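Visitor: Could you take me in for a close look at one side chain and what surrounds it? After that, I'd be glad to hear about a few other spots.

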Amino acid sequence: MKSYSIVSGFCLILMLLLYMQTEKKITQNPKKNMYMNIMITGIIYMVIDTLWGIAYTDLFSIPIILQKIIYAIYFIISAALSYNWFIFVEYMQGSVFYKNVTLKRVLKIPLLITIFLSVLSIWTGSFFHISESGEYLIGPWYFLQLLLTYGYITFSALKVFCFMFLTKDFERQNTYMI
């Protein structure tokens with residue numbers, strides 16, 4: 001896991017450099033704001049991912065409760081990153097999912113469930129469990145976590161893929177290619 005932490009740390013540095021370059025060069029608009037939300041969430045994700053990797057090394061002795069908190073935050077940030085990407089893709093396509101405020105609220109439900117169950121998992125082990133020896137184990141509801149978190153990305157990808165090939169109008173087809 002030491003090399004995993006090094007790779008995560010390297011990715012974090014790249015994300016920070018990309019963020020700084022993007023912040024300087026892109027003018028202020030809704031598209032930039034959404035993209036920067038993705039970047040910030042991605043940077044936080046990489047910080048937590050690096051901490052996750054460090055938790056599995058012998059470099060530091062991290063208490064089990066702190067490991068559980070790191071893992072819960074990791075699942076929450078993963079879901080937030082997925083949701084932010086979903087909103088960005090829908091905005092870029094001018095989708096009804098982005099334009100309808102009520103629908104946007106409804107689409108936050110999987111994110112909110114993931115947040116609730118991730119925090120709850122610290123005590124119940126629903127998504128994950130840390131054994132007394134510090135071993136990470138998946139919980140009985142881990143599949144639900146995958147579905148809730150990555151459902152946003154899967155839905156967006158399938159939608160884009162289908163519309164890209166089903167749309168006859170070439171100009172409209174390009175709107176699905178981000």
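**A threonine and its surroundings**

Guide: Start with the side chain of Thr41, which comes to 2.7 Å from the backbone oxygen of Asn37, a polar contact (N or O atoms within 3.5 Å, one able to donate a hydrogen and the other to accept it; sequence neighbours count only through side-chain atoms of both). Keep in mind that this is a predicted model, with pLDDT of at least 70 required for local features and 80 or more for side-chain atom pairs, while totals for chains, interfaces and linings use all residues. Numbering runs from 1 along each chain as its sequence is written, and side-chain values use heavy atoms, leaving out hydrogens and water.

Thr41 sits in helix H2, residues 30-55 (a helix is a DSSP run, H or I, of at least four residues). Thr41 counts as buried because its relative accessibility is 10% (the cut-off is under 20%, with a 1.4 Å probe and protein chains only). Setting aside residues up to four places away in sequence, Thr41 touches Ile77, Ala80, Leu81 and Asn84 (contact means heavy atoms within 4.5 Å).

Now hop over to Gly9, in helix H1, residues 2-25. Gly9 has 19% relative accessibility, so Gly9 counts as buried too.

Methods: Helix = DSSP H or I, 4+ residues; strand = E, 2+ residues; numbered from the N terminus. Buried < 20%, exposed > 50% of the residue type's maximum accessible area, 1.4 Å probe, protein only.
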